[in-house]
Amino acid sequence: MNNKENHTKNRRIQKAFVYLFLIFGSLLSLFPFYWMFTMATRTNREINSFPPPFTPGADLVNNFKNVLANMDFFGSMANSLFVSTSITVGVLFLCSLAGYAFAKLEFKGKKTLFSVILITMMIPPQLGLIPQYYIMTQLEWINTFQAVIVPGLINAFGIFWMRQYIQDAVPDELIEAAKMDGCSTFRIYWNIVAPTVLPAFATLGIIVFMQAWNDFLWPLTVLREPSMHTLQVALRTLNDARQMDYGMIMSGTFWATVPLIVIFLMFNKLFIQSLSEGAVKS
């Protein structure tokens, strides 16, 4: 009985340490966001004081007004929402189609083609900047949204992620039964595969949306008109002043981060479900 009680006590102590570690890690990861919010509520003089303030101030509204006076914040946010949403929808549809093909269909060169796709994941995207820009120039897409959207409509990680998830989540017997009932390949994908892998859609959607939302280099390269700038490119204009207003910059950055938090909270349940399902699969 004593051994059992000691074992139970040790388990509780171990669990307590795990929870303490997770709480500490969560606070540590949230601190940069809290610090950004704190700086967004302070004036330059307060930010440059020593020691710096660790509690929110009263200048959040004034700093955001300065942001609106120096850039078209809401117009740029609308551009980012359009570009990020378009890229995310395209990636989810095209990568899930490719993932389904690699997971459940048989065709010549399947393994070789999938290996080539995996190899492209090791190539830095910066290496494709000049060739992509040349292609956009030839297509006369410079300074258009399709120059930002089309190159991002499919990526190697999305194909790999959907292929792995579909391979485990969709039974072969279910697909064979659908084929016997006369379902076409696309109908099997649309009516059987897509509803089954919704958690995978949520996870990939969050990742792709965040990447598209935070992308700076490529939109800066192909979007020249200020009215077409995405939010990350437009925020750069806040640094052009002779004397940088850190409160204003942090205010713009803080509000630019809010949509990402909203997106994550909306799909948080499916995101965790996909990760937990992937952890218990053999």
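Helices here are DSSP runs of H or I with at least four residues, strands are runs of E with at least two, and both are numbered from the N terminus. Keep in mind that this is a predicted model, in which local features need pLDDT of at least 70, side-chain atom pairs count only at pLDDT 80 or more, and totals for chains, interfaces and linings use all residues. Residues are numbered from 1 along each chain as its sequence is written, and side-chain values use heavy atoms, with hydrogens and water left out.

Let's begin with the backbone. Most residues other than glycine have a negative phi, and most peptide bonds are trans. Against that background, look at the loop between α2 (44–47) and α3, where Pro51 lies. The peptide bond leading from Phe50 into Pro51 is cis, with omega near -5 degrees. Then jump to the loop between α6 and α7 (146–149), where you'll find Glu140. Glu140 isn't a glycine, yet its phi is positive, near 60 degrees.

Now for some packing. Which way does α3 run relative to α14? Helix α3 (residues 60–70) and helix α14 (residues 246–266) pack at about 85 degrees, with their axes 8 Å apart. That makes α3 roughly perpendicular to α14. For the record, axes are lines fitted to C-alpha atoms, for helices over the stretch in contact, and angles run from 0 to 180 degrees between N-to-C directions. Angles under 35 degrees count as roughly parallel, over 145 as roughly antiparallel, 65 to 115 as roughly perpendicular and the rest as oblique. On the α3 side, Leu60, Asn63, Phe64, Asn66, Val67 and Asn70 meet Gly247, Met248, Ser251, Gly252 and Trp255 of α14 (contact means heavy atoms within 4.5 Å). By class, the contact of α3 with α14 has 5 nonpolar, 6 polar and no charged residues. The classes work like this: Ala, Val, Leu, Ile, Met, Phe, Trp, Tyr, Cys and Pro are nonpolar, Asp, Glu, Lys and Arg are charged, and the others, Gly among them, are polar.

Leaving aside neighbours within four places in sequence, Asn70 is in contact with Thr237, Leu238 and Met248. Asn70 and Thr237 are 167 residues apart in sequence, but 7.7 Å apart in space, C-alpha to C-alpha.

Helix α14 has another partner in α11, with an angle of about 170 degrees and axes 10 Å apart. The two helices α11 and α14 are therefore roughly antiparallel. Here Ile206, Phe209, Met210, Trp213 and Asn214 of α11 meet Ala256, Pro259, Leu260, Ile263 and Phe264 of α14. This contact of α11 with α14 has 9 nonpolar, 1 polar and no charged residues.

Two of those names come back at Leu231, in helix α13 (residues 231–235). Leu231 counts as buried, at 0% relative accessibility. Not counting residues up to four places away in sequence, Leu231 touches Met71, Phe73, Ser76, Met77, Ser80, Trp213 and Ala256.

The largest pocket has a volume of about 1,200 Å³. On a 1 Å grid over the protein atoms alone, a pocket is an open set of points where a 1.4 Å probe fits, with protein on both sides within 12 Å along at least five of seven lines, and lining residues have an atom within 4 Å of a point. Grid points are joined across faces, edges and corners, and a volume is the space filled by probe spheres set on the points. There are 33 lining residues, and the closest to the centre of the largest pocket are Pro125, Gln132, Pro151, Gly152 and Asn155. By class, the lining has 25 nonpolar, 7 polar and 1 charged residues.

Methods
Buried means under 20% relative accessible area, exposed over 50%, partly exposed in between (1.4 Å probe, protein chains only).
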